[in-house]
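Hi,

Here is the structure I promised to hand over. Have a look at it first, and then read on for what turned up.

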Amino acid sequence: MNLKELQTFCQDNGESAFRGSQLYEWMYRHGVDTIEEMSNLSQSFREKLSENCSIQTLHVDRTNPSQIDQSVKLLFRTLDQQFIETVSMVDGNRHTVCLSSQVGCALDCRFCATGEMGLTRNLTTGEIVDQLIYVRKHIAQPITNVVFMGMGEPFHNYENVLNAADIFHDPKGFNLASTRITISTVGLLPQIQQFIQENRRYKLAISLNAAFDKDRSKIMPVNKKWPIEDLIHAGREYSNQKKRQVMFEYVLLKGVNDSEEDALELAGLLKNVECKINVIPYNEMGGEFTRPDTQTIEKFVNVLHKHRRGYRVLVRWSKGQDIAAGCGQLAGQTA
Ligand code: SF4
């Protein structure tokens with residue numbers, strides 16, 4: 001529940017709206033585990049809440065710390081026995097938490113373990129927020145960034161994801177700046193447009209992963225509905241309206257989208273778009289796709305740099321390669 005919902009809930013139960021604000025802070029700012037800990041609420045109200053409400057929607061099933069870097073993968077079990085994953089990545093002062101938004105996913109991107117699972121259901125706002133509450137409580141490094149890049153397509157679960165993001169952003173919640181919250185989509189055009197029209201200023205990432213429609217359609221069936229040109233247009237609109245760079249993500253797959261021709265086409269497509277290109281060498285999971293060798297990756301990135309006009313290029317080396325940190329791998333294996 002967001003603040004307004006909690007206030008209404010309290011009023012419906014014979015309490016003042018102020019009690020709703022107190023509940024909000026206990027849950028999101030302090031992250032208490034039990035209602036009993038909410039010491040400024042009356043004993044009778046706490047008893048009533050304990051009998052009728054739940055403030056914990058997830059149980060941690062497994063914690064998988066990497067042996068090669070500081071990332072940790074958490075496997076959570078929901079109350080209806082579904083598995084979802086969250087990844088915490090610490091790099092110097094930066095602590096990024098990658099959240100899931102759905103149990104499974106309907107979009108069937110060919111290189112993705114979550115896609116293989118199909119969609120079971122959307123996560124509730126509570127289940128999304130609880131992932132962050134758990135990480136904040138159990139990993140000492142303060143959280144600096146949140147990315148919706150875990151299991152699921154966040155814009156398929158628009159309301160709950162945006163509700164959770166608002167709680168993360170709220171000074172009375174997690175107090176994270178809007179620039180520290182990134183929502184990544186494979187390109188659901190109507191929802192991107194809705195997001196652009198709204199007041200919220202969270203960062204937008206569009207997962208492009210190919211420079212030619214024929215290639216993108218093979219690895220991402222969603223491309224048949226909303227092709228590359230539409231997405232770049234939407235990205236441009238986002239950066240113009242929000243005065244904020246859109247990010248295009250490009251997972252590099254060996255022999256699929258990693259040629260010089262691909263890089264040149266991509267550079268041409270993104271010419272004069274205020275954006276950042278995040279090149280992500282593929283995190284292998286034993287399926288049909290593999291990661292290109294270092295030389296190919298460098299060549300691809302060099303072409304982008306050479307033809308750069310308007311965009312910035314970053315290479316994001318995957319973290320937690322030893323802990324199945326690619327989205328959906330651990331949940332898929334466990335389920
Ligand atoms: S990459 Fe994202 S949108 Fe595509 S199948 Fe995986 S979770 Fe779904």
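This is a predicted model: local features need pLDDT of at least 70, side-chain atom pairs count only at pLDDT 80 or more; totals for chains, interfaces and linings use all residues.

The closest N and O atoms of arginine 121 and aspartate 80 are 2.9 Å apart. Aspartate 80 is partly exposed, with 38% relative accessibility.

The whole structure holds 14 salt bridges. One of the others pairs glutamate 260 with lysine 299, with 3.8 Å between the closest N and O atoms. That pair links distant parts of the chain, with glutamate 260 in helix 10 (residues 260–269) and lysine 299 in helix 11 (residues 294–306), 39 residues apart. Glutamate 260 is partly exposed too, at 43% relative accessibility.

Now for the overall picture. The protein chain contains 12 helices and 12 strands. Its radius of gyration is 21 Å, close to the 20 Å given by the globule rule for 335 residues, so the chain is as compact as a globular protein of that length. The C-alpha trace spans about 70 × 40 × 35 Å along its principal axes, and 53% of the 335 residues count as buried. As for charge, the mean positions of the 38 positive and 40 negative charges lie 6 Å apart.

Enjoy exploring!

Best wishes

Definitions and conventions
Residues are numbered from 1 along each chain as its sequence is written. Side-chain values use heavy atoms; hydrogens and water are left out. Helices (H or I, at least four residues) and strands (E, at least two) are DSSP runs, numbered from the N terminus. The radius of gyration is taken over C-alpha atoms; the globule rule is 2.2 Å times the number of residues to the power 0.38. Buried means under 20% relative accessible area, exposed over 50%, partly exposed in between (1.4 Å probe, protein chains only). Lys and Arg count as positive and Asp and Glu as negative; His and the chain ends are not counted. The place of a charge is taken as NZ of Lys, CZ of Arg, CG of Asp or CD of Glu. A salt bridge is a side-chain nitrogen of Lys or Arg within 4 Å of a carboxyl oxygen of Asp or Glu.
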